[in-house]
Amino acid sequence: MAKTVDVVIIGAGIAGLTAGIYLKRSSLSGVVLEKAAPGGRLLNIHAIDNYPSESLIPGPKLAEKIVTHAAELGVVPEYGNVQGVQKQGDHFLVATDMDTYEAKAVIVATGTTTKTLGVPGEKEFAGRGVSYCATCDGNFFKGKDVALIGYKDRAIEEAIYLASITHHLYVFAPQPFETTEAHERTLRSFSNVDFFFGAKLLGIFGEKLVSSIKVALADGSEKSYPVAGVFPLTGEKSSTDFLAGLTPENKAGFLLTDSQMATSIPGVFAAGDIVDKKLRQLVTASSDGALAATAAIAYVHGLKA
């Protein structure tokens with residue numbers, strides 16, 4: 001038998017937790033579902049210096065503070081790996097690997113996952129020198145030479161952390177940096193970092209562990225670099241396969257919303273990095289969560305009227 005609530009929030013990152021806080025302060029019932037640890041992308045950020053009220057704080061610490069605040073209000077995420085969402089009349093059935101929930105509105109706040117490059121050796125050396133999270137795995141490479149492939153803000157944040165603990169960092173950027181001036185200035189301040197723009201990773205090599213990479217440089221030449229670790233961080237992709245039964249409008253997998261975070265499916269709202277937008281930051285994710293919850297509350301009240 002399905003568990004009945006007014007609103008189901010999928011994802012317990014900063015967007016989902018903010019939505020949960022706003023929902024809890026209303027007269028409606030709801031549940032926040034999370035398939036991993038609450039906190040989302042925050043758990044993989046070494047240091048945050050642009051979130052209001054926090055001059056410099058590790059991502060996991062900020063996640064802990066937000067989760068604790070939510071829990072104090074009674075918002076405690078439940079485990080649930082959502083498998084599918086179906087609309088039946090004026091309500092939705094949200095099926096997880098554990099339970100099924102019936103709700104009048106759904107807020108999707110599932111964030112993104114890191115893209116793979118698909119180059120030779122990437123899959124084979126995953127966990128053996130190839131990592132998609134410097135904050136998670138950087139300690140394994142203290143004092144060693146490593147390579148990072150990326151150019152967007154998250155990649156630069158991760159590069160700053162790696163530069164602070166490794167012997168030498170090679171940054172291969174397929175395109176010009178897309179980051180804040182402050183982040184780029186900080187990264188360029190390290191003397192142990194070399195930059196290669198217009199570069200393309202060709203392959204990752206080694207025996208049991210990564211020992212080198214081959215790169216095509218901007219001048220057309222190819223060169224090998226001895227490294228112990230490789231961080232492919234060229235971008236992120238959305239994960240909305242569970243919405244296949246609804247087919248909301250999207251752009252390259254990112255959900256299109258109006259100014260109130262409503263998708264093309266009445267009753268389905270989106271918040272955070274899953275949304276098609278220019279700026280993916282913690283503060284915008286939190287704002288999205290507040291807007292989505294407020295709009296979902298109004299939508300449900302409209303159904304009850």
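Predicted model: local features only at pLDDT ≥ 70, side-chain atom pairs only at ≥ 80, totals over all residues.
Student: Which two residues form the disulfide, and how far apart are their sulfur atoms?
Tutor: A disulfide needs two cysteine sulfur atoms within 2.5 Å, and by this rule the count comes to 1. The link is right-handed, with 70° about the S-S bond. The residues are Cys 133 and Cys 136, and their sulfur atoms lie apart by 2.2 Å.

Student: Is Cys 133 buried or exposed?
Tutor: Buried means under 20% relative accessible area. Cys 133 has a relative accessible area of 7%, so Cys 133 is buried.

Student: Which strands stand at the edges of the open sheet of 4 strands?
Tutor: The order in this sheet is β1-β7-β6-β5, with mixed pairing. An edge strand here has a single partner strand, so one of its sides is left without a neighbour in the sheet. The edge strands are β1 (3-4) and β5 (82-88).

Student: Which residue in β6 is the bridge partner of Val 85?
Tutor: Strand β5 covers residues 82-88. β5 runs antiparallel to β6 (residues 91-96), and 6 bridges join them. In β6, the partner of Val 85 is Val 94.

Student: How many residues apart are Lys 104 and Asp 6?
Tutor: A salt bridge joins the side chains of Lys 104 and Asp 6, at 3.8 Å from N to O. Lys 104 lies in the loop between β7 (100-103) and β8 (105-108), and Asp 6 in the loop between β1 and β2 (7-10). Lys 104 is partly exposed at 25% relative accessibility, whereas Asp 6 is buried at 8%. The pair links distant parts of the chain, with a separation in residues of 98.

Student: Which helix holds the salt-bridge partner of Glu 236?
Tutor: Glu 236 forms a salt bridge with Arg 154, with the closest N and O atoms 3.9 Å apart. Glu 236 lies in strand β17 (residues 236-238), so the pair ties together parts that are 82 residues apart in sequence. Arg 154 is buried, with a relative accessible area of 13%. The helix that holds Arg 154 is α4 (residues 153-165).

Student: What is the distance between the closest N and O atoms of Lys 277 and Asp 288?
Tutor: Lys 277 lies in the loop between β20 (268-270) and α6 (282-304), and Asp 288 in helix α6. Asp 288 counts as buried at 8% relative accessibility. The two residues form a salt bridge, and the closest N and O atoms are apart by 2.6 Å.

Student: What is the volume of the largest pocket?
Tutor: The lining has 43 residues, and the closest to the centre are Gly 40, Arg 41, Thr 110, Gly 111 and Thr 112. It divides into 17 nonpolar, 18 polar and 8 charged residues. Helices α1 (14-24) and α6 are among the elements that each supply at least two lining residues. The volume of the largest pocket is about 870 Å³.

Student: How many charged residues line the second largest pocket?
Tutor: This pocket has a volume of about 600 Å³. Of its 24 lining residues, the closest to the centre are Lys 152, Glu 178, Glu 236, Lys 278 and Arg 280. The lining takes the most from α4, with 3 residues. Next to 6 nonpolar and 6 polar residues, the number of charged ones is 12.

Terms used. Residues numbered from 1 in each chain as written. Heavy atoms only, no water. Buried < 20%, exposed > 50% of the residue type's maximum accessible area, 1.4 Å probe, protein only. Pairing = 2+ DSSP bridges. Salt bridge = Lys/Arg side-chain N within 4 Å of Asp/Glu carboxyl O. 1 Å grid on protein atoms, 1.4 Å probe; cavity = no way out; pocket = protein on both sides within 12 Å on 5 of 7 lines; lining within 4 Å. Points joined across faces, edges and corners; volume = space filled by probe spheres on them. Nonpolar A, V, L, I, M, F, W, Y, C, P; charged D, E, K, R; others polar.
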